Amino acid sequence: MANDGVDAIIEQWREQRPDLDDLLPMEVFGRVYRVAAAIGDRMEAAYQRLGIGRGEFDVLATLRRSGEPYNLSPKQLSDTLMLTTGGMTGRLDKLERAGLIARTPDPADRRSLRAQLTPAGRELIDRAVAVGLQVQREALSRLSPADARHLADLLRTLAAAVTR
């Protein structure tokens, strides 16, 4: 297996700080960060070709995953995406101007609005999900299906450990 940039960093630390005996965490998280950044850049480029950014993708995907009638309150979206209400308003404004969502009255609270996917928004997010999956498949193509499954399982375990 060829060395990568993380190996070079680890070697420099070993030379400069021989007292650091366990650099495995640095190796793991250095690679996780580099993989996430590289895939994030590829995903962003794929979404840009469809006329949206990652932020808009996230809103559209959240609405699509919610099931019919594909509408949620701005608060529900903010909570799911961990955004401030101000940040959410900006995204919704942009998506509404593009005709990808519509703001509709909330039947449970006439003072509130809900964000709802338009047919154009649904078509776009369905295409964007397929394009994004293809980017991810290409990235995983060097792993066997069993190794990819094992990696997903290990990352689930790690995510559970660090996010609790």
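## A stacked ring pair and the core around it

Phe57 is buried, at a relative accessible area of 10%. This is a predicted model, so let's look at what surrounds that ring.

Tyr47 is buried as well, with a relative accessible area of 1%. Here are the two side by side:

| Residue | Relative accessible area | State |
|---|---|---|
| Tyr47 | 1% | buried |
| Phe57 | 10% | buried |

How many aromatic pairs turn up? The count comes to 1. It joins Tyr47 and Phe57: their ring centres sit 4.2 Å apart and the planes are at 10°, under the 30 degrees cut-off, so the pair counts as stacked. Since Tyr47 belongs to helix α2 and Phe57 to helix α3 (residues 54-65), the pair ties together parts 10 residues apart in sequence.

Tyr47 also shows up in a helix contact. Helix α2 (residues 24-49) packs against helix α6 (residues 119-140) at about 145°, with the axes 10 Å apart, and the crossing is right-handed. On the α2 side the contact uses Ile39, Arg42, Met43, Ala46 and Tyr47, while α6 brings Ala128, Val131, Gly132, Val135, Gln136 and Ala139. Sorted by type, that gives 8 nonpolar residues, 2 polar and 1 charged.

Now for the core. The largest nonpolar core has 25 residues, and Ile52, Val59, Leu60, Leu63 and Leu77 have the most contacts inside it. At least two residues each come from α2, α3, α4 (74-81), α5 (85-97), β3 (109-117) and α6, with α3 giving the largest share, 5 residues.

What does Leu60 touch, leaving aside neighbours within four places in sequence? Its contacts are Ile52, Leu95, Leu100, Ile101, Leu117, Leu124 and Ile125.

Note on methods
Residues numbered from 1 in each chain as written. Predicted model: local features only at pLDDT ≥ 70, side-chain atom pairs only at ≥ 80, totals over all residues. Heavy atoms only, no water. Axes fitted to C-alpha atoms, helices over the stretch in contact; angles between N-to-C directions. Helix = DSSP H or I, 4+ residues; strand = E, 2+ residues; numbered from the N terminus. Left-handed = near helix turned anticlockwise from the far one by under 90°. Contact = heavy atoms within 4.5 Å. Nonpolar A, V, L, I, M, F, W, Y, C, P; charged D, E, K, R; others polar. Phe/Tyr/Trp six-rings, centres within 6.5 Å; stacked < 30°, edge-to-face > 60°. Buried < 20%, exposed > 50% of the residue type's maximum accessible area, 1.4 Å probe, protein only. Core = buried A, V, L, I, M, F, W, Y, C linked by side-chain atoms within 4.5 Å.
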